[in-house]
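Good morning, colleagues. Please look at the model on the screen while I walk through a few of its local features.

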Amino acid sequence: MSVTTRDPITGNDVKDREISPFLTEGSGENALKIHFESVESRQEYLSIPPRTPEACSPRLHKGFEDDETILWD
């Protein structure tokens with residue numbers, strides 16, 4: 001599992017990982033534990049809808065189906 005201590009909403013480093021709110025994205029060795037400065041920051045993160053290829057620019061690389069590089073906006 002990877003761990004990040006930079007709050008993705010505020011961009012600030014989380015100082016005390018023992019008491020900070022967090023969530024885990026994914027599972028197993030590819031999981032990511034994300035720490036937040038506050039419960040409000042975590043809630044804002046959770047309110048962001050996941051990004052899907054259908055929601056992205058039509059300028060996606062044509063090789064998407066072949067697992068090639070994707071060009072996001």
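H35 is buried, because its relative accessible area is 2%; buried means under 20% relative accessible area, exposed over 50%, and partly exposed in between, with a 1.4 Å probe and protein chains only. Please bear in mind that this is a predicted model, in which local features need pLDDT of at least 70 and side-chain atom pairs count only at pLDDT 80 or more, while totals for chains, interfaces and linings use all residues. Residues are numbered from 1 along each chain as its sequence is written, and side-chain values use heavy atoms, with hydrogens and water left out.

What does the side chain of H35 make a polar contact with? The partner is the side chain of S20, at 2.8 Å. A polar contact is a pair of N or O atoms within 3.5 Å; within protein, one must be able to donate a hydrogen and the other to accept it, and residues adjacent in sequence count only if both atoms are side-chain atoms. Leaving aside neighbours within four places in sequence, H35 is in contact with several residues, including V3, R6, D7, V14 and F22; contact means heavy atoms within 4.5 Å.

I turn now to the strands. H35 lies in strand β3, residues 32–35. Strands (E, at least two residues) and helices (H or I, at least four) are DSSP runs, numbered from the N terminus. An open sheet of 3 strands runs in the order β1-β3-β2, with mixed pairing; two strands pair if DSSP finds at least two bridges between them. Its edge strands, β1 (2–4) and β2 (22–25), each pair on one side only. Between β1 and β3 the pairing is parallel, over 3 bridges, and T4 has I34 as its bridge partner in β3. Helix α1, residues 39–46, packs on the sheet and touches β2 and β3, its direction making about 30° with that of β2. Such axes are lines fitted to C-alpha atoms, for helices over the stretch in contact, and angles run from 0 to 180 degrees between N-to-C directions.

Finally, the rings. The whole structure holds 1 aromatic pair. F36 and Y45 form this tilted pair, 5.4 Å centre to centre with 55° between the planes. Rings of Phe, Tyr and Trp (its six-membered ring) pair if their centres lie within 6.5 Å; planes under 30 degrees apart count as stacked, over 60 as edge-to-face and the rest as tilted. F36 counts as buried at 0% relative accessibility, whereas Y45, at 21%, counts as partly exposed.
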